[in-house]
Amino acid sequence: MPDVLETAAEPTRRALLQLLARGERSVTELAGNFTVTRSAISQHLLLLAGAGLVLARKDGRKRYYRLDSGGMARLREALESFWTTELDLLAADAMGLHTQPHQGDT
């Protein structure tokens with residue numbers, strides 16, 4: 001199975017995931033949001049499906065896509081694996097929550 005982080009990192013595929021977060025959409029509906037061809041969007045969706053991030057269903061001649069909750073959970077876990085205590089401290093410091101006196105402060 002392709003790497004979920006690598007697959008989701010591409011900007012068009014990230015945008016597709018964001019659109020699908022709002023609910024199931026047809027390829028035609030999705031393609032209307034991009035300047036690339038419908039065929040190119042279909043290729044991106046196939047890559048997302050191959051990575052387990054989206055599911056497809058066919059209804060007549062149309063194909064509909066939706067997020068795969070299991071795949072999205074794997075993506076979230078992969079992203080969270082990068083979050084460390086050091087990043088928590090940095091985020092707290094950036095928000096002014098971490099108040100440690102600087103050298104020279106009295």
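Which are the buried residues of helix α2 (residues 11–20)? Let's start there, and then walk through the rest of the protein together. One caution before we go: this is a predicted model.

So, helix α2. Its buried residues are T12, R13, L16, L17, L19 and L20. If you look down the axis of α2, these buried residues fall within an arc of 160°, so they line one face of the helix. The face turned away from that buried side carries the exposed residues P11 and Q18. For anyone who likes the background, an α-helix has 3.6 residues a turn, so residues three or four places apart point the same way.

Let me zoom out for a moment. The protein has six helices and three strands. Going along the sequence, the order is α-α-β-α-α-β-β-α-α. There are 106 residues in the protein, and buried ones make up 28% of them.

Now, on to charges. Side chains of opposite charge can pair when their charged atoms come close. How many salt bridges does the structure hold? The count is three.

Let's take E24 and R57. They form a salt bridge, and their closest N and O atoms are 2.8 Å apart. This pair links distant parts of the chain: E24 is in the loop between α2 and β1 (25–26), while R57 is in strand β2 (residues 54–59), 33 residues apart. With a relative accessibility of 30%, E24 counts as partly exposed. R57 is partly exposed too, with a relative accessible area of 37%.

D59, at 43% relative accessibility, counts as partly exposed.

While we are on rings, how many aromatic pairs does the structure hold? The answer is zero.

Back to the salt bridges, with R76 and E80. Their closest N and O atoms are 2.9 Å apart. R76 and E80 are four residues apart in helix α5 (residues 69–80), so about one helical turn separates them. At 56% relative accessibility, R76 counts as exposed, whereas E80 is partly exposed, with a relative accessible area of 44%.

Next, let's look at a nonpolar part of the surface. W83, L87 and L90 form a nonpolar patch there, and together they have about 310 Å² of accessible area. Of these residues, let me pick out L87, which is found in helix α6 (residues 85–94). L87 counts as partly exposed, because its relative accessibility is 30%.

A49 is partly exposed, with a relative accessible area of 30%.

One is helix α2, with its buried residues lining one face.

Technical notes: Residues numbered from 1 in each chain as written. Predicted model: local features only at pLDDT ≥ 70, side-chain atom pairs only at ≥ 80, totals over all residues. Heavy atoms only, no water. Patch = residues over 30% accessible without salt bridge, like charges linked within 9 Å, V, L, I, M, F, W, Y side chains within 5 Å. Areas by Shrake-Rupley, 256 points an atom, 1.4 Å probe, with all protein chains shown as cover. Salt bridge = Lys/Arg side-chain N within 4 Å of Asp/Glu carboxyl O. Helix = DSSP H or I, 4+ residues; strand = E, 2+ residues; numbered from the N terminus. Buried < 20%, exposed > 50% of the residue type's maximum accessible area, 1.4 Å probe, protein only. Phe/Tyr/Trp six-rings, centres within 6.5 Å; stacked < 30°, edge-to-face > 60°. Arc of directions from axis to C-beta.
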